[in-house]
Amino acid sequence: MSEQRAERKRIRLAVAQTALVADPQDVAGLRAAGAQVRELMREAAGAGARVVLFPEGAMCAPNKRVMSSVPDSVGPADWSRFEWDVLREELTAVAALAGELGLWTVLGSVHRLTPPNRPHNSLYVISDHGEVVSRYDERLLSKTKVTYMYAPGSTTVTFDVDGVRFGCLLGIEVHYAELFADYERQGVDCVLFATTGPGSAAQASFATEAQGLAAVNSIWVAFAALAEVGPVMPSGLIGPDGTWSARCAASTEPAVVVGEIDDGAAEVEIAVRYARPWRREARSGLYEEHRVADPRSEARSTF
């Protein structure tokens, strides 16, 4: 009897790149960031997207020097400098629009904790009903972030839309292959990875790593970075074979691109239907029964 094929998973996903707002005291900048996010949400929904991913710090990515409590140096961040009320108003407007559009929205923002605790660097998961259903907090922070700026998160976050399972990662976590492998074990179809980008706008390393991790885990990876690194690292969607299936133009302009996750498409069949299940089986201990006891196997210094 032939193996019964699982129900086909298919969804349209948008990935955005947005302009940097580095000063959380800049009220006009925070307002502009919110307006830009909402404009791109409308564009994504108009193109048929069910989910849209925005970069890390899409609402504001506070500059470590702007936040530093030590003049002319990098030191502990002074979070009283953040216009928290303005941020909340803009986030509330984003959530309301997500409900109006019926669009799941995953949005990078700082999440305030109870003072004197530092905030989290986060991704809000807003449902198509306009409700915050979860929040992912960056766990493996850079040295500067964990020393001076943020409290690390502690858990994975997954959510399902139309039968497709998503997981969230953030910041520099593309450097940690085990985080992607953990989501693969949890049955995630697509990892939503949001970042501001590497330290130098001339480096495309994060995008290259994301392609490799998509391929080795046979999963989709949505890659969202700030527009300032767009010329070398545009946002987009990477397929489970490690190739880009949709990508913004190589530009510093804010933009959104829409791609499709479809596990029944011919171009992903090998990765999804064969490679991913086989790798799971290979890791399960199946080789043990095939190992042999042979002196020629143990002798490693002869032909």
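S218 sits in the loop between α6 (205–217) and β9 (220–224); helices (H or I, at least four residues) and strands (E, at least two) are DSSP runs, numbered from the N terminus. Its phi is near 55°, a positive value in a residue other than glycine. S218 counts as buried, at 2% relative accessibility. Buried means under 20% relative accessible area, exposed over 50%, and partly exposed in between, with a 1.4 Å probe and protein chains only.

This is a predicted model, in which local features need pLDDT of at least 70 and side-chain atom pairs count only at pLDDT 80 or more, while totals for chains, interfaces and linings use all residues. Residues are numbered from 1 along each chain as its sequence is written, and side-chain values use heavy atoms, with hydrogens and water left out.

D162 also has a positive phi, of about 50°, although it is not a glycine. D162 lies in the loop between β6 (158–161) and β7 (164–170) and is partly exposed, with a relative accessible area of 46%. Another loop, between β3 (104–111) and β4 (120–126), holds P116. A cis peptide bond joins P115 and P116, with omega about 10°.

| Cysteine | Relative accessible area | Closest cysteine sulfur |
|---|---|---|
| C168 | 0% | 9.5 Å, in C190 |
| C190 | 0% | 9.5 Å, in C168 |

A disulfide is a pair of cysteine sulfur atoms within 2.5 Å, and by this rule the count is 0 disulfides. The sulfur of C168 is too far from that of C190 for a bond.

C190 also belongs to the largest nonpolar core, which has 52 residues. A nonpolar core is a set of buried Ala, Val, Leu, Ile, Met, Phe, Trp, Tyr and Cys residues joined through side-chain atoms within 4.5 Å. L13, F159, F166, C190, L192, V221 and I261 touch the most other members. Apart from this core lies another, of 36 residues, among them L30, F54, A58 and I126.

L30 also takes part in a helix contact, where contact means heavy atoms within 4.5 Å. The axes of α1 (residues 27–46) and α3 (residues 84–101) come within 9 Å and cross at roughly 10°. Axes are lines fitted to C-alpha atoms, for helices over the stretch in contact, and angles run from 0 to 180 degrees between N-to-C directions. The two helices, α1 and α3, are therefore roughly parallel to each other, a term for angles under 35 degrees. Their contact includes V27, L30 and R31 of α1 and V86, E89 and E90 of α3.

Key:
Angles under 35 degrees count as roughly parallel, over 145 as roughly antiparallel, 65 to 115 as roughly perpendicular and the rest as oblique.
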